[in-house]
Amino acid sequence: MNTPSSKKYVFLHIPKTAGYSLFSLYTQVLGPDNVRNIVDNSIGVHNVTLLDDFPLIGGHFTYSLINDFFSDRYKITFLRHPVDRFISQYAYAKHNVSSLPIFRIMLAKEKDLEDYVNYCRSRPNMYDLLNTQTWYLSGNLDPALDKTQRLELAKKNLASFDFIGIQEFFSDSINLLCYDCNWPPIYDIPLENKAVKRKAVTEVDPRFLDQIREMNLLDLELYEYGLALFRQKKKQLLLECVRRNYHSVVSSDSPGEFSWPRG
């Protein structure tokens, strides 16, 4: 993995995982001229060269783009609980003011949540709606890929990230990211592109929640894996904070690291 001192970052933005808030944060920390949001998953070598001058690049692209062109950068991504992400995705599309003929927006506008869920259940290979986090992180959009292989590939790729944030622990994630990257503390975390008029998970009929879970089993397992990696990183960084604090206050002739006596 890279070290933050490289000053080059790549952010894999999975839809509806607080990505726009994160871009606002990146701009606040690094400056607007140093952050580039890209939307094309099929970037050529020429464009990659042009992007090399940006300290942070990110966007809605799959892991394959990182693997092909940006593997030497400090890699960041955020995950969200699949059920909450699915509902947020639906609500955002449902109330989107865009008139563009984007399929998933039109689909949500035409259907209530029950019909939307039933439609998705009949089309399990819709990567932009179901198991979205697994699809993005696997880097392979071939619908014929075996589910087990896709999940294992997504886990392997996720483990290669330098930082994995969790949307449900957003404040902690931001603080840990800033510490790991030697960025200044952020006291006012921006909230951008938030879905409006959406139901909380607790307000949704339990039958639909069970169906949403059933449709996103790959994402549920990936999320638990990512959550474990997040907690491991948090433990590591907190221990580093303790060590730094200890060494900053003791004198040079003090004993070395303290350890509890055994016995």
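Predicted model: local features only at pLDDT ≥ 70, side-chain atom pairs only at ≥ 80, totals over all residues.
## Ground rules

Local features here need pLDDT of at least 70 and side-chain atom pairs count only at pLDDT 80 or more, while totals for chains, interfaces and linings use all residues. Residues are numbered from 1 along each chain as its sequence is written, and side-chain values use heavy atoms, with hydrogens and water left out.

## The sheet

Let's start with the strands (DSSP runs of E, at least two residues, numbered from the N terminus, just as helices are runs of H or I, at least four residues). Five of them make an open sheet, ordered E2-E3-E1-E4-E5, with parallel pairing. Pairing here means that DSSP finds at least two bridges between two strands. At the edges sit E2 (35-38) and E5 (163-166), each pairing on one side only. From one strand to the next, the twist averages 20 degrees (axes are lines fitted to C-alpha atoms, and angles run from 0 to 180 degrees between N-to-C directions).

E2 and E3 (residues 56-59) run parallel and are joined by four bridges. Asn37 has Gly58 in E3 as its bridge partner.

## Salt bridges

The rule is a side-chain nitrogen of Lys or Arg within 4 Å of a carboxyl oxygen of Asp or Glu, and the count comes to eight. One of them joins Arg80 and Asp84, at 3.0 Å from N to O. Arg80 and Asp84 are both buried, where buried is under 20% relative accessible area, exposed is over 50% and partly exposed is in between (1.4 Å probe, protein chains only).

Lys234 and Asp172 also pair up, with their closest N and O atoms 3.2 Å apart. This one links distant parts of the chain: Lys234 is in helix H11 and Asp172 in helix H9 (residues 170-180), 62 residues apart. Lys234 counts as partly exposed because its relative accessible area is 29%, and Asp172 does too, at 33%. Within H11, Arg244 bridges to Glu240 at 3.3 Å between the closest N and O atoms; the two are four residues apart, about one turn of the helix.

## The second largest pocket

A pocket is an open set of points on a 1 Å grid where a 1.4 Å probe fits, with protein on both sides within 12 Å along at least five of seven lines; lining residues have an atom within 4 Å of a point. The second largest pocket holds about 300 Å³ of space, counted as the space filled by probe spheres set on the points.

Its lining has 16 residues, with Pro124, Asn131, Lys147, Glu214 and Met215 nearest the centre. Helices H6 (113-121), H8 (147-159), H10 (206-215) and H11 (217-249) each supply at least two lining residues.
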